[in-house]
Amino acid sequence: MVSLLAGSYPALILAKFQPVKVLKGAFKNSRSGQGLRQSLIVFQFVISVFLIVSTFIMQGQLSYIRNKKLGYERDHVLVLPVNRKVVMPKIDYIKTSLTSNKDVVSVSLSSESPVSIQGGYNMRSATMPEDQQLAVTACRIDEDFIRTTGLQLIAGEDLTKQDMKDAIPGFFAAAGGANGSGADSAKVGLFHFILNESAARQLGWTPQEAIGKRMFLDATRPGIVKGVVKDFNFESLHNPIRPLVLFPEMHSDKLLVRVTGQHMPQTIAFLETKWKDIVPYIPFEYHFLDEEYNRVYSSELRLGRVMNLFSGIAIVLACLGLFGLSSYAAKQRVKEIGIRKVLGASLTNLAVLLSLNFVRLALVAIVIAYPLSWWAMTKWLQGFAYRTNIDWTTFVIAGAMVMAVTLATVSIQAVKTALLNPVKNLKSE
């Protein structure tokens, strides 16, 4: 369709010319045709500037995502999917065996990795009515989770092995101690919870005030708050940080292994050997935590690569159109250039004369593209709860790039025309 439309316009224009006038030398370019060509050049450069600005801003946001301090450490952490029925009875032996290597720092069992925690639960403090529940995200962890993931404990203490033994899911409710008081509650163990700052705040506590407070996670998990960790991004940066409860429970599906990062091939080979010795009937499959993090933003990373490609294509197409139009304009003014050169015009003056009109077209394109790209990128960034700022230097750099490309493209033809021998161009007159 584009090819048909592009070819139809010049065909119609040429068909309108009368042969008699053409043979008399009256074949002249119409102003409407010139205006159309210039409009197309402006349109091409508007697209180029828009894509360049958008690409810079997208790459800035992707860099922000890659480098943002998330509140946990995602480098040098291996994630191994496990069968809980097989691994749980051997978890202590697995931890001891894997950490026997000096390059293995710690091992933790959890239901989800800190990159993406989705478990939905309810919570309430002991002073709240039973029918007043607050929706909260929660994750099952063991006593090594905070150390393995690098979470920052800002109040209270970390979980211990004894806390894991005290957690008996469902037993407290079955014993009839749902209100968290009375003789029954003294006979059973309680859960020791780790809250993030947002969860403590939602329950009406500061991190320090939360320590030792009684609370419930659903009706079957009564307990006390043992620690509060600094808020961390356990979801995509598209979402703000929500309340989170970490609670001790061994029914988990992921084994997190933190390594030093040194001797990585040897360390992974060691882990595989030990794994096959301990649980030979479960395949040794792993991925790195930073790979899991990157998968969360796979669509944004893919869009960034596509924008890079489109920006390059748009600039090339704009340059081709500009080069063709500048060649045509120079050909139309070749006698004028010859006269000016005979009368003393310098090479610089002639190059500026031929380039000035195209520079104006590029400036018009820049003026149009700036607000469009700012509006579009502002809308795109609003999809992120945590985002980079749109820097005015991005627009300056994009404009400078387009102007440089324009001058380089036009100058080639301008200098070539200005260097022609004026005698050859004027002798027919």
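**Labels and their grounds**

Q: Why is Asp 218 called partly exposed?
A: Asp 218 has a relative accessibility of 23%. Buried means under 20% relative accessible area, exposed means over 50%, and partly exposed lies in between (1.4 Å probe, protein chains only). Asp 218 therefore counts as partly exposed.

Q: What kind of model and which atoms do these values rest on?
A: This is a predicted model, in which local features need pLDDT of at least 70 and side-chain atom pairs count only at pLDDT 80 or more, while totals for chains, interfaces and linings use all residues. Residues are numbered from 1 along each chain as its sequence is written, and side-chain values use heavy atoms, with hydrogens and water left out.

Q: What makes Arg 221 and Asp 218 a salt bridge?
A: A salt bridge requires a side-chain nitrogen of Lys or Arg within 4 Å of a carboxyl oxygen of Asp or Glu. The closest N and O atoms of Arg 221 and Asp 218 are 3.8 Å apart, so the pair forms a salt bridge.

Q: Is Arg 221 buried or exposed?
A: Arg 221 has a relative accessibility of 11%, and therefore counts as buried.

Q: Why does the salt bridge of Arg 201 and Asp 231 tie together parts that are 30 residues apart in sequence?
A: The two side chains meet at 3.7 Å, N to O. Arg 201 lies in helix α10 (residues 197-202), whereas Asp 231 lies in the loop between β8 (221-229) and β9 (244-248), so the pair joins parts 30 residues apart in sequence. Helices (H or I, at least four residues) and strands (E, at least two) are DSSP runs, numbered from the N terminus.

Q: Which labels do Arg 201 and Asp 231 receive?
A: At 53% relative accessibility, Arg 201 counts as exposed. Asp 231, at 18%, counts as buried.

Q: How do you know that Lys 276 and Glu 272 form a salt bridge?
A: Their closest N and O atoms are 3.2 Å apart, so the pair meets the salt-bridge rule. Both residues lie in helix α12 (residues 264-278), four residues apart, about one turn of the helix. Lys 276, at 44% relative accessibility, counts as partly exposed, and Glu 272 is partly exposed with a relative accessible area of 29%.

Q: How many salt bridges does the rule give?
A: The count comes to 13 salt bridges.
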